[in-house]
Amino acid sequence: MAEIVGAYFTSHVPAIGGAIHKGLQQEPYWKPFFDGFHKVHEWLAQVKPDVAIVFNNDHGLNFFLDKMPTFAVGAAAEYHNADEGWGLPLYKPFAGHTELSWHIINSLVEDEFDITTCQKMLVDHALSIPFELAWPDVEAWPVKIVPFAINTVQHPLPSAKRCLALGQAVNKALQSWTGDERIVIIGTGGLSHQLDGERAGFINRDYDTFCMDNLSVDPAALTTDSIHEMVRKAGTQGVEVLNWIAARGALGQAPVQEIHRNYHIPISNTAAATMLMEPA
Amino acid sequence: MSGPQNVSEPIPGTHLFDGDAAAKGFELNAMCYSFNNAANRQAFLDDEEAYCAKFHLTPEQRKAVAERSVLGMIAAGGNIYYLAKLAGIFGLNVQDVGSMQTGVSVDDFKAMLLAQGAGRTYDEAHGAMIGKEKVHG
């Protein structure tokens, strides 16, 4: 049976991609963030995943407002990055795991999650940057992916409770998968930040700490707030923590332990965070 | 299009991109979405008036774009993820956009972010930023 080796969570601020491109990792501004990845590299080398289930959000590359799925699941053989409009380097393509995608899709729909399936899906910095951080300097990614895009752009957004349930349903699907893959779960985005409005620049260390403290041991604690209250506490874009909550759900309901955490304010306008969790 | 979320207490300085905003801002966001293509970015730079006309921007949207008013664009239904692509045409990043929306210099906006990193709350850091801006005019 396939094994879920653990979960990796990280912010996906576009400027991180610029810093990698320019080799700024050891500059004073960037060092506190990038130094949080030594442990990630060590852990990935140890657990050697070959598949990644990734929960992220599109930023107007693949989805426009003409059609905005709440939960979209990739079922493509390949996923490509493309020009996002503001000068980021173009990132490497990803190999998909179509059989696993369809297995998960079938299982989710059977469990009454009315997802959108995508046989073509462009992936943006929200997926590429966490991979650049996790596996720097590789020619090709060492894992195949099954990407989930959660709508964090256009309200109404799915509730945190629903995102956790989605993740748990993905875990159930993985339990019935007969392959022998080593699967890592990835959640990207956040933590607190707000790019728009007069409150631009809003960061909330207390709420982020609450989220990080509870995500491993009591993820349901993150699901009691309405989306509106989450925006108040995390900022308009801080609601990307929904990706983390879904990813935590996909780790399953058995006990989980946090094995690494790094938190640094600011990277660009964002409270940047990185975490690792393993089955206890 | 009022949903249950709208009965919640408003969040100061925050504009939720909901169904009303998405409907209002469709043309502006569609134009910004087109900027994923380099040729379209160039076409905008070559003839902004014609490019905006092609996307049928509303007068309010056209005015906000002409004035480079980020808050104006948001009021006209613009979504920040799409507006960021317009900002990118002018070489502006999210700190520049933050400074434009808060009415302070980019350096003061960045200092406000760093102050939060140094342990200040947002309210403290924001209060200091606004206070400083008043002193320096």
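Helices here are DSSP runs of H or I with at least four residues, and strands are runs of E with at least two, numbered from the N terminus. The model is a predicted one.

Q: How many helices and strands does the secondary structure of chain B come to?
A: Read along the sequence, chain B follows the pattern α-α-α-α-α-α-α-α-α-α. The count for chain B is therefore, with runs defined as above, ten helices and zero strands.

Q: What distance separates the centres of domain 1 and domain 2 of chain B?
A: Chain B is divided into domain 1, covering 12-92, and domain 2, covering 99-136. Taken over C-alpha atoms, the centres of these two domains of chain B are separated by 26 Å.

Q: Which elements give two or more residues to the side of chain B that touches chain A?
A: The contact takes 40 residues from chain B and 35 residues from chain A. On the side of chain B that touches chain A, the residues divide into 21 nonpolar, 17 polar and two charged. The elements of chain B that give two or more residues to that side are helix 2 (26-34), helix 7 (80-89), helix 8 (94-102) and helix 9 (106-117).

Q: At what angle do helix 6 and helix 9 of chain A pack?
A: Two packed helices are described by the angle between their axes and by the distance between those axes. Helix 6 of chain A passes helix 9 of chain A in a right-handed crossing. With their axes 6 Å apart, helix 6 (residues 160-175) and helix 9 (residues 241-250) of chain A pack at an angle of about 35°.

Key: Residues numbered from 1 in each chain as written. Chains lettered and ligands numbered in written order. Predicted model: local features only at pLDDT ≥ 70, side-chain atom pairs only at ≥ 80, totals over all residues. Domains from an automatic or database assignment. Axes fitted to C-alpha atoms, helices over the stretch in contact; angles between N-to-C directions. Left-handed = near helix turned anticlockwise from the far one by under 90°. Contact = placed C-beta atoms within 7 Å. Nonpolar A, V, L, I, M, F, W, Y, C, P; charged D, E, K, R; others polar.
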